[in-house]
Amino acid sequence: MDETRFLCVFCGSSMGVRSIHAEMAARVGSSIAREGLGLVYGGGRVGLMGVVADAALSAGAPVIGVIPEHLSRKEIAHAGLTELHVVEDLHQRKAMMAKRAFGFLTLAGGIGTFEEFFEILSWAALGLHAKPMGVLDTEGIYGPLKALIAHSVTEGFTRQSYADLITYRNDPESLVAELARQRPEPLKLRWS
Ligand code: AMP
């Protein structure tokens, strides 16, 4: 049997004020199971993190959590995961999540989610990985993110080819299916 492929989900440790985001997180979790994938994520039980993990688990997907020791109380490490790794710090968390994942999906979240998204995008831009990256743009929540990246292209600080690496969708099922299907070409590093 083929080895399970794990999709990494970056998302808020809060719920946000609108319940649509929890609904979307649950649909991402169940889509992961429907596609025969596993979930790798930050390992917490709070906010959208907990919602996506619970939905994936209850739909039968294996779930790997990676949580830094110092956050395991604040984000309340999820006790029901298939695997829970308690690591030293955020750097180890991100490195382990990136290593275990075939691709990355960003759900609604705050500055921690932005940091994770931009790190993985910048690693792709540097040719350090060639894994698919998707953003669930629920009701335009990531319009400002798209606009920031587009503005940076216009200003000559970001290549259009980097911006093009991101797949935006507003439907969780089609985004998960699309990321599972994609096999991006690695970017060649160019400094000029
Ligand atoms: P947030 O979107 O701010 O709710 O954070 C989402 C996740 O990102 C949480 O698990 C945070 O622990 C994590 N996080 C917050 N700040 C950082 C950071 N600087 N680097 C990596 N992860 C972070």
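**View 1. Helix 1 against helix 2.** Helix 1 passes helix 2 in a right-handed crossing, where right-handed denotes the near helix turned clockwise from the far one by less than a right angle. The model shown is predicted; local features require pLDDT of at least 70 and side-chain atom pairs pLDDT 80 or more, whereas totals for chains, interfaces and linings use all residues. Residues are numbered from 1 along each chain as its sequence is written, and side-chain values use heavy atoms, without hydrogens or water. The axes of helix 1 and helix 2 (residues 47–58) lie 7 Å apart at an angle of about 35°; axes are lines fitted to C-alpha atoms over the stretch in contact, with angles from 0 to 180 degrees between N-to-C directions. Helices are DSSP runs of H or I with at least four residues, and strands are E runs of at least two, numbered from the N terminus. From helix 1, His21, Ala22, Ala25, Ala26, Val28, Gly29, Ser30 and Ala33 meet Leu48, Val51, Val52, Ala55 and Ala56 of helix 2, contact meaning heavy atoms within 4.5 Å. This contact comprises ten nonpolar, three polar and no charged residues; Ala, Val, Leu, Ile, Met, Phe, Trp, Tyr, Cys and Pro count as nonpolar, Asp, Glu, Lys and Arg as charged, and the others, Gly among them, as polar.

**View 2. Helix 1 against helix 7.** The axes of helix 1 (residues 20–34) and helix 7 (residues 172–181) come within 8 Å and cross at roughly 40°. The two helices are therefore oblique to each other, a class left after angles under 35 degrees (roughly parallel), over 145 (roughly antiparallel) and 65 to 115 (roughly perpendicular). Their crossing is right-handed. Met24, Arg27, Val28, Ser31, Ile32 and Arg34 of helix 1 meet Pro172, Glu173 and Val176 of helix 7. By class, these are five nonpolar, one polar and three charged residues.

View 3. His78 lies in the loop between strand 3 (63–68) and strand 4 (83–87). Its relative accessible area of 7% makes His78 buried (under 20%; exposed is over 50%, partly exposed in between; 1.4 Å probe, protein chains only). Beyond four places in sequence, His78 contacts residues including Tyr41, Arg45, Asp54 and Leu84. The His78 side chain reaches the backbone nitrogen of Gly80 at 3.0 Å.

**View 4. Surroundings of His129.** His129 is placed in the loop between helix 4 (111–125) and strand 6 (133–136). At 12% relative accessibility, His129 is buried. Its side chain reaches the backbone oxygen of Ile120 at 2.8 Å, and a polar atom of that side chain lies 3.0 Å from the backbone nitrogen of Lys131.

Conventions
A polar contact is a pair of N or O atoms within 3.5 Å; within protein, one must be able to donate a hydrogen and the other to accept it, and residues adjacent in sequence count only if both atoms are side-chain atoms.
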